[in-house]
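Let's take a friendly walk through one protein model. Have a look at the structure first, and then we can go through its details together.

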Amino acid sequence: MERERLLGRLRSERFDLLVIGGGATGCGIALDAAARGLKVALVEREDFGSGTSSRSTKLIHGGVRYLELAFKRLDRVQYRLVRDALAERSILLRIAPHLTNWLPLFTPLYRTYQLPYYWIGLKLYDALAGEAGEIPSRFVSSREARARFPQVKTEGLRGGVLYGDGQFDDARMNVTLALTAIGQGAAVANYVEVVELVQREGRIIGAAVQDRVSGGAWEIEARAVINASGPWSDRVRQMEDASAQPILQVSSGAHIVVDGTFSIPEAGLLIPKTEDGRVLFVLPWLGHTLIGTTDESASPDEPPIAGDEAVEYLLRHANRYLTRRVERADIRASWSGLRPLIRDPRATDTAGLARDHVIVESPRGMITIGGGKWTTYRKMAQDAVDYAIRQAGLEAAAPCRTAALPLVGAEGFDPANALLLETRYGLDTDVAQNLLRAYGGRAEQVAELLREVGSARLALGHPFLEAEVVWEAREELAQTPLDVLARRTRLAFLDQAAAKAALPRVVAVLATELGWDSERQQRELESALRTIETGI
Ligand SMILES: Cc1cc2nc3c(=O)[nH]c(=O)nc-3n(C[C@H](O)[C@H](O)[C@H](O)COP(=O)(O)OP(=O)(O)OC[C@H]3O[C@@H](n4cnc5c(N)ncnc54)[C@H](O)[C@@H]3O)c2cc1C
């Protein structure tokens, strides 16, 4: 079994680099370092992406809002950040074509003076992206808006602007980063928690870890240690020094998911400034409509939950712009995530909060990286690995390679293969398309499993298959029902009632694959049920 092999390596080898945290940042670092020929270990205390990285708005973007700030404040740093994020956008769309897509975004405008303002801004956004921008921004007249976007309220509408950004499946991308890192030689495991840092002669030389599946404990030694634990970075920093000053400012952001018919087909809706100054997105995502997001102060010590107030806020604001009223009863799923903004201790600006990512080294040599965003995980990883190489004198065999390194599933991916899958395996169109989207060039290998386990769906009306559970347990390190339902298929993020209904089958399949006894099955079922019911 793959996880046992990886744990064996984590137990017995000494590494160049130990990465703490298996979100986008940590998995990106493990991949970058392994691809340079370094010996890398990564431990994640829960599942890959179970922290913040499965809970984003799923946009690969430069940040139109930040560009506006760059100009309003004549801020070159902000401007550079948007430009760099746009460069990353085109890289991600290239290295993971199966998990990403271009998404046109429509911004309705209700005041005439806003039209030139937004049009110029978006033309600049295009120019910054260079040739990489595939959907040139353009003005949309009120007549076209009425005809093309009937989901949007047209009362007082003066027109709008349309532009393009990237969209992706964040949790699958995160798991895929972990798998690609393993393919490059990294020893990576989920459900292994750092419980203590190991020091020798005043330097951090590794960590004491605990396997949360089997309960085993041991120490991992490495020449450099990177703390990439996102909203929990201060908790890990305080393992070194309980009095270390916090550098994080954590806030939470909630989303709700409703039926796909609420969104504009093939396009998202962006409200750049709600009445209280926040950004609101209404996006088509995996056949549903994603509405987000809020921004509230939060603590990393409590699981983030989309509470009543956040849900109310999203409904109230979405209903100001949508023609068809979204009611509470329409909500199929909701979730919340913690935004790990970091305070740069060296920052001189009054705001203090880093707009970019920040790398901080502790007195005993642990490197912490935080801030940034999903879109920039690759650049963050590159900078963190460069830092570790310099700090610990590591000998990398190659320079950073990730800008041209396809992620698992990218090779052999051809969107036209959906038809081939349909005919060869007798699949429904939605199922074939979903297999291709999720597994890319490996979709056919997943489809081959249908011969062994049949073609039953996990839930009525959703394209996910029982065969995927088998694949995910065998090939993608899935260890719990929610690893399958929340992060590898996205059923629990799309339709919580359907996820609940699918749970017993998922537990039964995982029990066969992972050898669970009946007591373990019951425990897994109850734990997953609790999480789905209290909020993913
Ligand atoms: C609501 C919201 C919407 C967003 N939307 C977007 C968007 O549309 N586009 C975009 O580019 N960005 C977006 N972001 C930002 C993006 O999601 C984050 O910047 C990114 O996911 C952070 O990844 P991370 O790896 O640093 O943190 P995480 O994903 O939280 O990973 C940290 C990991 O560390 C693990 N960990 C913690 N302690 C330990 C320990 N002791 N031992 C082992 N492991 C440990 C945790 O379990 C966790 O999995 C959004 C963020 C939020 C909150």
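## A tour of the model

Tyr 191 sits in the loop between β7 (187-189) and β8; strands are DSSP runs of E with at least two residues, helices are runs of H or I with at least four, and both are numbered from the N terminus. Although Tyr 191 is not a glycine, its phi is positive, at about 60 degrees. Please keep in mind that this is a predicted model, where local features need pLDDT of at least 70, side-chain atom pairs count only at pLDDT 80 or more, and totals for chains, interfaces and linings use all residues. Residues are numbered from 1 along each chain as its sequence is written, and side-chain values use heavy atoms, with hydrogens and water left out.

Another loop, between β14 (288-292) and β15 (296-297), holds Thr 293. The peptide bond from Gly 292 to Thr 293 is cis, with omega near 5 degrees.

**Around the ligand**

Which residues come nearest to the ligand? They are Thr 25, Glu 44, Ser 53, Leu 59 and Thr 375, out of 36 residues around the ligand (a residue counts if one of its heavy atoms lies within 4 Å). By class, this shell has eleven nonpolar, 18 polar and seven charged residues. Here Ala, Val, Leu, Ile, Met, Phe, Trp, Tyr, Cys and Pro count as nonpolar, Asp, Glu, Lys and Arg as charged, and the others, Gly among them, as polar.

The table lists polar contacts, which are pairs of N or O atoms within 3.5 Å.

| Residue and atom | Ligand atom | Distance |
|---|---|---|
| Ala 24, backbone N or O | oxygen | 3.2 Å |
| Glu 44, polar side-chain atom | oxygen | 2.7 Å |
| His 61, polar side-chain atom | nitrogen | 3.5 Å |

On its own, the ligand has 1,000 Å² of accessible area, and the protein covers 97% of that (areas come from the Shrake-Rupley method with a 1.4 Å probe). The elements that give two or more residues to the shell are α2 (24-35), β8 (192-200), β11 (248-259) and β16 (333-342).

**Aromatic pairs**

Rings of Phe, Tyr and Trp (its six-membered ring) pair if their centres lie within 6.5 Å; planes under 30 degrees apart count as stacked, over 60 as edge-to-face and the rest as tilted. By this rule there are eight aromatic pairs. One of them joins Tyr 110 and Tyr 321, which are tilted, with 6.3 Å from centre to centre and 50 degrees between the planes. This pair links distant parts of the chain, 211 residues apart: Tyr 110 is in the loop between β4 and α5 (114-129), and Tyr 321 is in helix α9 (residues 308-321).

How values were computed
Polar contact = N/O pair within 3.5 Å; in protein donor to acceptor, adjacent residues only side chain to side chain.
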